[in-house]
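Q: I have a model open here and would like to talk through a few of its side chains. Can we start with the aromatics and then move on to the surface?

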Amino acid sequence: MGGFFGSVAHHECVNDLFYGIDYNSHLGTRRAGMVTYDDKSSKFCRSIHNIENDYFRTKFEEELDKFKGNIGIGVISDTDAQPIIFNSRLGQFAIVTVAHILNIE
């Protein structure tokens, strides 16, 4: 299982995003990631950590200062290293997924 949290605000959303993802940290125990987008510099800031032997909060708390922006998304995942940043003809995007397929056969 896993969980994700996103935030869009008129002000910096980094703290809202951090605590929103931390709230979901009981949903997964392998990987965690967060990404923000800064309109002023048109840049993404992303970080992904292994949380198998440590808590989400202790892994991300030290680097919160590098995140800037009013748009962000984060994920707690048991499978993939996320968020994924990719380019398309429409621009650059950051996405996260949380899924569990029961009838994969």
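Q: Is Y37 buried or partly exposed, and what is its relative accessible area?
A: Bearing in mind that this is a predicted model, Y37 has a relative accessible area of 22% and is partly exposed, because buried would mean under 20%.

Q: And which aromatic pair does Y37 form?
A: Of the five aromatic pairs that a search of the whole structure finds, one joins Y37 and F44, and this pair is tilted, with 4.9 Å centre to centre and 50° between the planes. F44 also counts as partly exposed, at 24% relative accessibility.

Q: Which residues do ring pairs link into a cluster?
A: The cluster is made up of F18, Y19, F56 and F60, which are linked by ring pairs.

Q: Switching to the surface, which residues form the nonpolar patch?
A: The patch consists of I84, F86, L90, F93 and I95, and together these residues have about 460 Å² of accessible area. The elements that contribute two or more residues to it are β5, spanning 84-88, and β6, spanning 91-95.

Q: How do those two strands, β5 and β6, pair?
A: They run in the antiparallel sense, with β5 and β6 pairing over five bridges, and they form a hairpin that has two residues between the strands.

Q: Where does F86 lie, and what is its bridge partner in β6?
A: F86 lies in strand β5, and its bridge partner in β6 is F93, which is another member of the nonpolar patch. At 32% relative accessibility, F86 counts as partly exposed, since that value falls between the 20% limit for buried and the 50% limit for exposed.

Methods:
Residues numbered from 1 in each chain as written. Predicted model: local features only at pLDDT ≥ 70, side-chain atom pairs only at ≥ 80, totals over all residues. Heavy atoms only, no water. Patch = residues over 30% accessible without salt bridge, like charges linked within 9 Å, V, L, I, M, F, W, Y side chains within 5 Å. Areas by Shrake-Rupley, 256 points an atom, 1.4 Å probe, with all protein chains shown as cover. Salt bridge = Lys/Arg side-chain N within 4 Å of Asp/Glu carboxyl O. Helix = DSSP H or I, 4+ residues; strand = E, 2+ residues; numbered from the N terminus. Buried < 20%, exposed > 50% of the residue type's maximum accessible area, 1.4 Å probe, protein only. Pairing = 2+ DSSP bridges. Phe/Tyr/Trp six-rings, centres within 6.5 Å; stacked < 30°, edge-to-face > 60°.
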